[in-house]
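Please look at the sequence and the 3D structure below.

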Amino acid sequence: MATKRRPLRPNLGSGPSGSSNMNFRPGGPDITRSEAKGTRPTAAPTSIREILVMGVIHLCKKTIFFNTDLKVALYLGSLFVISLIGDFLPFPKTYFARSDNLFNLYFVKIGWGWTLLFLVPFAVLSSYTITCGDHKRMLRHHLPRVLIATFFWFFWTKLFNVVETSYGRCTTKGFATKSSCLKAGHLWQGFDISGHAFILIHSSLVLIEEARPIIKWESIKEHLRNELHNRSVSETSSSNPLRYLNEEQIRSLQFLYTRLTPIIRTLFIGMAALQLLWDIMLVGTMLYYHRMIEKVISGIVAILTWYFTYRFWYPTNGLLPDAPGNGSFYYQRDSFVFKRPTHLPSCTPTATGVQASSSNGAASGQSQQQQQIPTFMGMPLFTSAKAASTAASLLKAEQQRREQQQRLQTSVDS
């Protein structure tokens with residue numbers, strides 16, 4: 001026989017305006033509707049295509065944003081170890097050992113051109129978006145990074161050629177220059193610092209650093225949605241990075257983000273694939289081309305160039321250009337972390353509390369309890385201190401009521 005369902009929270013809704021038969025938490029932390037500013041908008045439904053695209057983007061991020069410091073150490077270590085082994089124990093010849101292989105002819109030899117093919121439009125479109133359409137700021141604060149990287153590529157490769165030409169000699173006497181020696185069909189022996197190793201490492205590190213604006217790029221959409229809602233209800237937010245933008249900048253950002261995000265994502269996928277190809281070709285260079293010392297020196301030059309620009313120059317305040325990802329607002333901060341008020345006691349026992357209680361020999365044998373902010377999948381359910389404090393108080397009252405009922409039930413049974 002069916003019986004009436006027992007309310008989950010029989011006493012939580014009791015009062016002049018409540019009902020004892022409610023099976024949900026009435027009102028949550030927002031006790032009065034007069035304090036509410038409206039329901040915060042939720043994200044639009046996500047299509048299957050969007051889910052697939054985001055899956056690919058996530059995979060590309062895992063590939064290209066591998067720990068950069070560790071990657072630099074791997075570059076130097078592998079250049080030394082693998083090249084040293086190859087100098088004394090030649091590796092078996094493969095397709096990549098041929099200088100006329102497809103990847104060497106059409107990718108490595110024009111490697112910087114391939115890098116610029118993806119790098120320039122990505123840097124322009126991403127910086128133009130995060131500067132809210134301020135093309136002057138984009139040209140002054142972001143595009144010069146590409147020009148500086150191109151300058152160092154040109155400078156170092158030309159210097160490597162000068163060193164080889166100036167400090168080498170022909171295998172046959174009578175030829176004083178490298179061009180005349182090679183034209184006659186002879187070999188020119190010199191200190192040939194590996195231009196291939198330099199280009200591959202330099203291009204990889206530049207691609208990694210310039211792709212960083214894509215990190216948390218999707219959060220801009222959420223910030224826009226929340227900021228537009230806050231402004232529609234005349235509510236100020238202390239955490240939204242868009243709160244200092246004016247109306248024109250908000251409109252420009254909303255338009256540019258919607259129109260350019262698909263292109264930016266496509267370019268990022270291309271950058272990740274190209275960076276992976278450069279790493280593969282670098283392994284081929286380690287195995288089959290140049291001597292160990294020539295490759296190690298070129299690798300050190302590439303890494304020092306990267307460190308000087310992206311780790312020292314660009315992050316320095318007051319120096320132009322800016323670091324990748326800097327714009328009219330900063331969207332790449334850490335996720336919101338709710339700080340629990342220190343005056344709130346706890347509703348669940350902690351291991352530290354149990355240990356402290358037992359060590360002190362408390363007669364009651366009960367541990368010190370601390371109140372926890374309600375969470376779902378590790379994230380706080382409420383983003384304001386007032387709401388979280390109210391919810392925590394409700395949970396504490398409910399916990400105390402249950403404990404009291406348990407004590408009463410125990411006394412009745414005894």
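Is the crossing of H4 and H6 left-handed or right-handed? The crossing of these two helices is right-handed; a crossing counts as left-handed if the near helix is turned anticlockwise from the far one by less than a right angle, and as right-handed if clockwise.

## Basis of the report

This is a predicted model, in which local features need pLDDT of at least 70 and side-chain atom pairs count only at pLDDT 80 or more, while totals for chains, interfaces and linings use all residues. Residues are numbered from 1 along each chain as its sequence is written, and side-chain values use heavy atoms, with hydrogens and water left out.

## Overall make-up

The protein has 13 helices and six strands. Helices (H or I, at least four residues) and strands (E, at least two) are DSSP runs, numbered from the N terminus. Of the 414 residues in the protein, 36% are buried. Buried means under 20% relative accessible area, exposed means over 50%, and partly exposed lies in between (1.4 Å probe, protein chains only).

Contact means heavy atoms within 4.5 Å. Among contacts between residues at least 6 apart in sequence, 74% join residues at least 24 apart.

## H4 against H6

Two packed helices are described by the angle between their axes and the distance between the axes. Axes are lines fitted to C-alpha atoms, for helices over the stretch in contact, and angles run from 0 to 180 degrees between N-to-C directions. Helix H4 spans residues 111-130 and helix H6 spans residues 144-166; their axes come within 11 Å and cross at roughly 165°. H4 is therefore roughly antiparallel to H6. Angles under 35 degrees count as roughly parallel, over 145 as roughly antiparallel, 65 to 115 as roughly perpendicular and the rest as oblique.

On the H4 side, Trp 112, Leu 116, Leu 119, Val 120 and Ala 123 meet Val 146, Ala 149, Thr 150 and Trp 153 of H6. This contact has eight nonpolar residues, one polar residue and no charged residues. Ala, Val, Leu, Ile, Met, Phe, Trp, Tyr, Cys and Pro count as nonpolar, Asp, Glu, Lys and Arg as charged, and the others, Gly among them, as polar.

## H8 and its two partners

How far apart are the axes of H6 and H8? They are 11 Å apart, and the two helices pack at an angle of about 170°. H6 is therefore roughly antiparallel to H8. H6 brings Arg 145, Ala 149, Phe 152, Trp 153, Trp 156, Thr 157 and Phe 160 to the contact, and H8 brings Gly 195, Phe 198, Ile 199, His 202, Val 206 and Glu 210. By class, these residues are eight nonpolar, three polar and two charged.

H8 also packs against H10, with axes 9 Å apart and an angle of about 155°. These two helices are therefore roughly antiparallel to each other, and their crossing is left-handed. Among the H8 residues that meet H10 are Leu 200, Ile 201 and Leu 207, and among the H10 residues are Leu 274, Trp 278 and Leu 282. The contact of H8 with H10 has 10 nonpolar, five polar and two charged residues.

## The largest nonpolar core

A nonpolar core is a set of buried Ala, Val, Leu, Ile, Met, Phe, Trp, Tyr and Cys residues joined through side-chain atoms within 4.5 Å. The largest one holds 64 residues, of which Ile 201, Trp 217, Ile 220, Leu 253, Phe 268, Leu 282 and Phe 329 touch the most other members. Elements that give two or more residues to this core include helix H1 (48-64), helix H2 (68-88), helix H8 (195-210) and helix H10 (247-288). H10 gives the most, with 16 residues.

Not counting residues up to four places away in sequence, Phe 329 touches Ile 130, Cys 132, Ile 220, Pro 241, Leu 242, Leu 245 and Leu 253.

## Residues in loops

Ser 194 sits in the loop between strand E2 (188-189) and H8. Is Ser 194 buried or exposed? Ser 194 counts as buried because its relative accessibility is 0%. Beyond its neighbours within four places in sequence, Ser 194 is in contact with Phe 160, Thr 285, His 290, Glu 294, Lys 295 and Ser 298.

His 290 lies in the loop between H10 and H11. Its phi is positive, about 65°, although His 290 is not a glycine. At 27% relative accessibility, His 290 counts as partly exposed.

Cys 132 is in the loop between H4 and helix H5 (135-141). Cys 132 also has a positive phi, near 60°, in a residue other than glycine. Cys 132 counts as buried, at 7% relative accessibility.

Pro 321 is found in the loop between H11 and strand E3 (348-349). The peptide bond from Leu 320 to Pro 321 is cis, with omega near 0°.
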